[in-house]
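Please look over the sequence and structure shown here before reading the report.

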Amino acid sequence: MAAQNGTARPAPRKADIEAAYRKARALHQAGRLREAAQGYAAVARAAPALAEPRFQLGRIALARGDAEAALAALDEARRLKPDEPAILAACAEALGAAGRTGEALAAWDDLIRRMPREVKPRADKALLLQRMGDFEAAEEEFRRALKRAPKDGELYRMCVTTRRVRKGEPLLRQMLEAHADPAVTGRSRMQLQFALAKAMADTGQHDRVFRYLDPANAAMRAAQPYDISRRRAEVEGLIAAFEGADFTPLAVAPEGPRPIFVTGLPRSGTTLVEQILASHAQVSGGGEMRFVLEEAYRLMGDPGRGFTPLADLADESIAGFGRAYLDLLARAVPDAATVTDKSIQTHLVIGLVAKALPEARIIVVRRDPRDLGLSIYRNVFAPGTHLYAYNQTDIAAYVATFERMMAFWRETLPGRFTEMRYEDLVADPEPQTRALVAAAGLDWDDACLSFHRTERQVATLSIQQVRQPIHGGAAGGWRKYDSDLAPMIAALEREGVDLS
């Protein structure tokens, strides 16, 4: 390509390309996905023979919920490096995320044939089978993986996620033997302890649950330190930015799919609520996407830089947020008229959503904070996410920030969103489900009562629960562990969280 002065533009130096790639990687690791993607794209243009930037672009697109864009980038990476296992694995993951489950399973089988001694491709295939609701096939894959790695604690944890452990069964004996082995240390031991805590609960040995759960959480916390004051500052900064703003909806709603936001704290029942709504004939389930908060913070700032008051933003900028969000939503769930978006952090920016997306419906799911906190403490979240989850007092403080934010929205935007209690839904399913469907702006559909039969992937920790009819078995479960949960309950009371 010629430069404007007629001289040839020099080819980028290898050192410059490597430096640009390192910068993009640093942005990627810091969670600044949009800037990282721009950096990777520049590297890809400068070095068309490099697979790595295309691979990373695919990973970012997948993280943002755009499976088709991920596949396009990964196909380019695979063309350049056709036998690279990491690229092949990412392609299989993207195929699954795109709903092309047959192709995804075939891709995982191909990797298993290429890498017969590796357990990860088999475990990843099992996770896809779990998301599809084929728990029996998933367990078979985990058992095959465990034959090769009988001391791998993460395999045990993933295996028992969607099954009830029974007293005396061989799998439980294997887990206990692995835990007794002094060679099982570090991350594997921690993952095994989470699995054993679940097994103790499943088998009714409630006095032994926290014997495994406390050290597992302590190890996770040590590996991923967390400062709750940053979350408090984020919430207070947002409240200050929204204080006194005019939330009158924009005169012209942006064109695109109509979103139904399902938000709340993790383990509150948001997955169940989304599954019910996604069973409706007119609704497509979008799952947990990152678009809302990403675009909101791009517009208003972020906790690190501080937030621009909503009142200082032009209507056109706010409209641009709405258009950008709907464009991303349409790309992630093509040809859908109504889409559920289970981005649980949406509760932070309800006012912006209400102003920019007047057609959107917002459902906030609530649950007894003690049951909620117990469920959070018993689970392992994706690396780098929900870092407060591994300490009881931090969980209580995080719940308090949610309550603080919701109290602000109730006072500021009454009637613009619907709150529903998980306990009410499981105790009285039909009338609560009818009220939920109406709150989402939908006509009644009997399929919403048979949500557990809906064939869609579920990629959250509630994967097993939404494959079963509603039952209230989890409500009040904290009472079995009230002494073990004393630090969290005391912290909830200190934080002023309503436990009535």
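## Basis of the model

This is a predicted model, in which local features need pLDDT of at least 70 and side-chain atom pairs count only at pLDDT 80 or more, while totals for chains, interfaces and linings use all residues. Residues are numbered from 1 along each chain as its sequence is written, and side-chain values use heavy atoms, with hydrogens and water left out.

## Nonpolar cores

A nonpolar core is a set of buried Ala, Val, Leu, Ile, Met, Phe, Trp, Tyr and Cys residues joined through side-chain atoms within 4.5 Å, where buried means under 20% relative accessible area and exposed over 50% (1.4 Å probe, protein chains only). The largest such core has 131 residues, and those touching the most other members are L155, M175, F242, M300, L310, L352 and W409. Helix α19 (residues 392–412) gives the most to this core, with 11 residues; helices are DSSP runs (H or I, at least four residues), numbered from the N terminus.

Leaving aside neighbours within four places in sequence, L155 is in contact (heavy atoms within 4.5 Å) with V119, A123, F142, A145, L146 and A149.

## Helix α22

In helix α22 (residues 486–494), the buried residues are M488, I489, A491 and L492. They cover an arc of only 160° around the axis, taken from the directions from the helix axis to the C-beta atoms, and therefore lie on the same side of α22. These buried residues pack against α18 (369–377) and α19, whereas the face turned away from them carries the exposed residues E493 and R494.

## Helix α5

Among the buried residues of α5 are I87, L88 and C91, and their cover includes α3 (52–63) and α4 (67–80).

Conventions
Helix = DSSP H or I, 4+ residues; strand = E, 2+ residues; numbered from the N terminus.
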